[in-house]
Amino acid sequence: EAFTRSLRVEPDIEVVLDRALPPNPVVYIDIIRDLAQERQTAVALQLWAHLVNLQPNPSPGLKDLYPLVDALRQQRNIAEASRVWRQGVALAGLADLGDPSASVLWDGGFESGFSNFGYAWYFPANSHGVQIQLDRREKHSGQQSLRLTFDGKLDVNFSDVCHNVPVEPRTSYRLSAWAETRDLT
């Protein structure tokens with residue numbers, strides 16, 4: 001509320017950012033969250049850019065980015081949503097998770113431990129006779145993989161592990177994956 005009132009007095013957002021807001025990432029994230037909920041993404045992006053330039057320590061968590069990333073995606077501003085996600089991942093120290101260079105899929109190896117928001121993997125813990133969990137014993141590379149355990153009671157048409165990926169129209173992409181099966185019928 002103080003931020004929006006400050007903008008009424010001083011319409012130059014850079015002046016408000018420099019003079020009225022403390023260089024505290026929590027303050028910025030709270031305002032960005034409120035602006036994203038109100039779909040004021042243009043102003044939220046200005047605050048985000050200012051926060052990134054501050055190189056905050058501690059950095060905002062990835063879950064803190066979700067309201068802005070989600071609002072941008074809902075407005076079909078995929079390029080900005082992807083940019084904010086990449087910057088947030090870098091600030092959080094999660095930019096190098098062993099993904100191939102230039103991969104559009106973030107955390108392809110399930111290394112971050114994050115799921116169900118932003119540009120992370122989406123999967124429920126249990127789904128229609130399938131138990132889904134991270135597995136540190138079986139892995140292709142890195143430290144873990146995703147294990148799907150079918151209970152065998154249903155003929156499963158399984159499609160419950162998903163990943164939102166920012167892609168460009170009329171662009172070719174190559175998909176590669178590693179899977180190991182055991183006792184699969």
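This is a predicted model: local features need pLDDT of at least 70, side-chain atom pairs count only at pLDDT 80 or more; totals for chains, interfaces and linings use all residues.
Leaving aside neighbours within four places in sequence, which residues is Ser 82 in contact with? Ser 82 touches Tyr 119 and Pro 166, where contact means heavy atoms within 4.5 Å. Residues are numbered from 1 along each chain as its sequence is written, and side-chain values use heavy atoms, with hydrogens and water left out.

**Helix α3 against helix α5**

- Helices (H or I, at least four residues) and strands (E, at least two) are DSSP runs, numbered from the N terminus.
- Helix α3 (residues 25-37) and helix α5 (residues 62-74) have axes that come within 9 Å and cross at roughly 30°. That angle makes α3 roughly parallel to α5, a label for angles under 35 degrees.
- Axes here are lines fitted to C-alpha atoms, for helices over the stretch in contact, and angles run from 0 to 180 degrees between N-to-C directions.
- The crossing of α3 and α5 is left-handed, meaning that the near helix is turned anticlockwise from the far one by less than a right angle.
- On the α3 side, the contact uses Ile 29, Ile 32, Arg 33 and Ala 36; on the α5 side, Asp 64, Pro 67, Leu 68 and Ala 71. By class, these are six nonpolar, no polar and two charged residues.
- For those classes, Ala, Val, Leu, Ile, Met, Phe, Trp, Tyr, Cys and Pro count as nonpolar, Asp, Glu, Lys and Arg as charged, and the others, Gly among them, as polar.

- Glu 38 sits in the loop between α3 and α4 (41-54).
- With 49% relative accessibility, Glu 38 counts as partly exposed; the scale calls a residue buried under 20% relative accessible area, exposed over 50% and partly exposed in between (1.4 Å probe, protein chains only).
- Glu 38 and Pro 67 are 29 residues apart along the chain, and their C-alpha atoms are separated by 10 Å.

**Helix α4 against helix α6**

- α4 packs with helix α6 (residues 78-91) at an angle of about 25°, and their axes are 11 Å apart. α4 is therefore roughly parallel to α6.
- α4 and α6 also make a left-handed crossing.
- Leu 45, Trp 48 and Val 52 in α4 meet Glu 80, Arg 83, Val 84, Gln 87, Gly 88 and Leu 91 in α6. This set divides into five nonpolar, two polar and two charged residues.
- Ser 82, our opening residue, lies in α6, and at 9% relative accessibility Ser 82 counts as buried.

**The three-stranded sheet**

- An open sheet is formed by three strands in the order β2-β3-β4, with antiparallel pairing; two strands pair if DSSP finds at least two bridges between them.
- β2 (126-127) and β4 (145-150) are the edge strands, each with a single partner strand, so one side of each has no neighbour in the sheet.
- β2 and β3 are joined by two bridges, one of which pairs Ser 127 with Val 130 in β3.
- The hairpin of β2 and β3 has two residues between the strands, and His 128 takes a positive phi near 50° there.
- Strand β3 (residues 130-135) pairs with β4 over six bridges. Val 130 stands opposite Phe 150 in β4, and Gln 133 faces Arg 147 in β4.

Notes:
Angles under 35 degrees count as roughly parallel, over 145 as roughly antiparallel, 65 to 115 as roughly perpendicular and the rest as oblique.
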